[in-house]
Amino acid sequence: MLITIMYAFLNLVKIRHWELRVGSFLALITLCLNILCLEYNNEHIILATIFINIVFHAFIIVELLRFIINSQTVNGNTLSAAACTYLVIGLVWSYIYALIDFYSPGAILSIDSNNVFEYFPQYLYFSFVTITTLGYGDISPTTNIAQNWVVFEAIVGQFYLAILIARLVGLYQPNKIKVKQD
């Protein structure tokens, strides 16, 4: 998934040379740490992996938002960037929830384990239920810091949609219909 995100990002957004280097460097470190995390159940490796995933995906969010903001027209690339940004925001929050549970087991999921990657699909599920403000209620944060991050994600998700839709509608230029006069 990591390689797919990076490949799609590089193809979608034509970025400057230094951004390509930074993104590639972050992707390489992220990939290596994710592989190490699969091999070794070490708390330091897990913590480093969570942190670098947050940094790498945050970099992609910033670059995609820059691309959307700098777009002068609405086209397929702009819409793709907008959708990708929303999905990557949900992914970043999954890592934030894993980090919260790493430091305070049971804050998000009622588990008592530091191997948060074993339960990552549940963090991902919870993140997207939260960002869309769907809120099934089957997973509930139990600490103040977890509750604050959940509220913050719900607000970010709604603001992103409201502001982005306003931006895209403002950029949209419908084809002007020429009326033939007799």
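Predicted model: local features only at pLDDT ≥ 70, side-chain atom pairs only at ≥ 80, totals over all residues.

Mentor: Residues are numbered from 1 along each chain as its sequence is written, and side-chain values use heavy atoms, with hydrogens and water left out.

Trainee: How many helices and strands does the protein have?

Mentor: Helices (H or I, at least four residues) and strands (E, at least two) are DSSP runs, numbered from the N terminus. The protein has 6 helices and 0 strands.

Trainee: Which residues of H2 are buried?

Mentor: Buried means under 20% relative accessible area, with a 1.4 Å probe and protein chains only. In H2 the buried residues are Glu19, Gly23, Leu26, Ala27, Thr30, Leu33 and Cys37. Across the protein, buried residues make up 41% of the 182 residues.

Trainee: How is a pair of packed helices described?

Mentor: Two packed helices are described by the angle between their axes and the distance between the axes. Axes are lines fitted to C-alpha atoms, for helices over the stretch in contact (heavy atoms within 4.5 Å), and angles run from 0 to 180 degrees between N-to-C directions. The axes of H4 (residues 76–103) and H6 (residues 144–171) come within 11 Å and cross at roughly 175°. H4 and H6 are therefore roughly antiparallel (over 145 degrees).

Trainee: Which residues of H4 and H6 meet?

Mentor: Among them are Ile89, Gly90 and Trp93 in H4, and Glu153, Val156 and Gly157 in H6.

How values were computed. Buried < 20%, exposed > 50% of the residue type's maximum accessible area, 1.4 Å probe, protein only. Parallel < 35°, antiparallel > 145°, perpendicular 65-115°, else oblique.
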